[in-house]
Amino acid sequence: MTRRYGYALLSGIIALIVAVSAAIYVGVASDDGSTTTKTNPTRENAARGPAAPASTGIWVGAWSASPVGGEPGTEIEGLAGRSVRNVVHTSVGGTSARITLSNLYGQSALTITHASIAVAAGTGTAAAVADTMRRLTFGGNTTVVIPPGQQVLSDVVRLAIQADTDVLVTTYSPTPSGPVTFHPHARQTSYVAEGDLTEDATGVAYTGQVESWRYLTALDVLSNESDGTVVVFGDSLTDGITSTENANRRWTDVLSRRLRAAVAAGEDVPRYSVVNQGISGNQILASGSGRPADNQAGVGRFHRDVLSRTNVKVVVIDLGVNDILRNPNLADPNRILDGLRALVRQAHARGLKVVGATLMPFQGHRGYTDAREGVRQQINAEIRAGRVFDAVADFDKAVRDPYNPRKFRPDYDSGDHLHPSDKGYERMAEAFNLEDLKGAAPAEL
């Protein structure tokens, strides 16, 4: 081989490498950040057509809610022939979105023939910003059939969504498919209209109002603002049952705003979204009736409502008061603590850090007794001693009356002596140490 021929060959090889590298770069740059499988295209986003995003980022939870049961009055017909417009509020913004629909409590297949997502035109309205209306597909199809007890993940749509914003997710089902899987006590007004008005941006025909989320259990976004998701797992104290409607004043909403503000100020805290998996009346150990059980016990729903959420980094647990109050006998504090530790073990098996809350006071509530107060104190003592969680949010200390620690401070009490006021929820979020969101689960020896 001559030297001239060798140089020519070397130049050709270099040119080929450059060309291949450029092709790879273009392919990666156009990827939407999701994964696709041929066997189940709805699980991780099959849509890569014109509507699929060209941006990059990380998939995180922007909003979620736990399915609670079958909606009363929908056992036979479901919501056939009506458009259901859910209003949800985002914890973090993104450039693309996808949703999860659930038929967990359905007794027959749920057929959705039309679904959409849009940014709301304002607070307390069914109207959308017109140019944000996007049709949703599932495995490339506008129609999806969700079997009883199952859920489905939509394809990705490109849509710019800001943090702290209301988003409208609308579904239409033409056929009976009851009962409707729902989350009551949403503290957020959603809407319903007769007929298929899924992509109607005016919202004028959405005259029906309801304080429940139907079918919808999650909104994920492709985000450059967040590196993961914090899942808050709890009962009505997390669900925010006494917070002001349509104002997003649950303690988790305040925590989310605190976290974003701290990141914007350059503080050394994680860039995480916050999603709320609280269910009013939820217990650690006991479920409601039915198959599947309504208001499933925390130990049973933890995998579904926490471990299956998108890109979870930290779990916050605030459960236990209902196990004390709703037990017809005196609750065993050791059983409750064992239940909490079982949740922690599930989280640790996934490498997730767990922050746990002390149980807040409830003297003055109709279920209060001195014996039940003693159970609460025993549980809190174990939590504060570090024998349950990786870190502690001492909500009890934050909201109790300094002159009578068995009850709420008056301005933190909603009036029922069990749930906080808006100011009480805000105090809970302020008492949460953002530094506790750093790090991972401790190594097991």
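I searched the whole structure for salt bridges and found 25; a salt bridge here is a side-chain nitrogen of Lys or Arg within 4 Å of a carboxyl oxygen of Asp or Glu. I note that the model is predicted, so local features need pLDDT of at least 70 and side-chain atom pairs count only at pLDDT 80 or more, while totals for chains, interfaces and linings use all residues. Residues are numbered from 1 along each chain as its sequence is written, and side-chain values use heavy atoms, with hydrogens and water left out.

**Entry 1: individual salt bridges**

I looked up Arg 98 and found its side chain in a salt bridge with that of Asp 220, at 3.2 Å from N to O. The pair links distant parts of the chain, with Arg 98 in strand β4 (residues 94-102) and Asp 220 in strand β16 (residues 216-223), 122 residues apart. I take helices (H or I, at least four residues) and strands (E, at least two) as DSSP runs, numbered from the N terminus. Arg 98 and Asp 220 are both buried; buried means under 20% relative accessible area, exposed over 50%, and partly exposed in between (1.4 Å probe, protein chains only).

I next examined Arg 260, which forms a salt bridge with Asp 164, the closest N and O atoms lying 3.8 Å apart. This pair also links distant parts of the chain: Arg 260 belongs to helix α3 (residues 251-264), and Asp 164 to the loop between β10 (157-161) and β11, 96 residues apart. Arg 260 is partly exposed, with a relative accessible area of 24%, and Asp 164 is partly exposed at 35%.

I then found Asp 253 in a salt bridge with Arg 250, where the closest N and O atoms are 2.7 Å apart. Asp 253 and Arg 250 are both buried. I also recorded one network, in which salt bridges that share partners join Glu 373, Arg 376, Arg 384, Asp 394, Asp 396 and Arg 400.

**Entry 2: an open sheet**

I traced an open sheet of six strands in the order β7-β6-β11-β3-β13-β14, with antiparallel pairing. Two strands pair if DSSP finds at least two bridges between them. β7 (134-135) and β14 (208-210) stand at the edges with a single partner strand each, so one side of each has no neighbour in the sheet. Within this sheet I checked β6 (residues 114-119) and β11 (residues 166-173), which pair in the antiparallel sense over six bridges. Ala 118 stands opposite Leu 168 in β11.

**Entry 3: strand β20**

I looked up β20 (residues 353-357) and found five of its five residues buried. Lys 353, Val 355 and Ala 357 point one way from the strand, and Val 354 and Gly 356 the other way. Strand β19 (residues 312-318) pairs with β20 in the parallel sense over four bridges, and Val 315 stands opposite Val 354. β20 also pairs in the parallel sense with β21 (residues 391-393), over three bridges; the bridge partner of Gly 356 in β21 is Val 392. β20, helix α7 (residues 370-384) and β21 make a right-handed β-α-β unit, meaning that, with the strands pointing away from the viewer, the path from the first strand over the helix to the second runs clockwise.

**Entry 4: Asp 436**

I located Asp 436 in the segment after α9 (422-431). Not counting residues up to four places away in sequence, Asp 436 touches Lys 353, Val 355, Ala 391 and Val 392, contact meaning heavy atoms within 4.5 Å.
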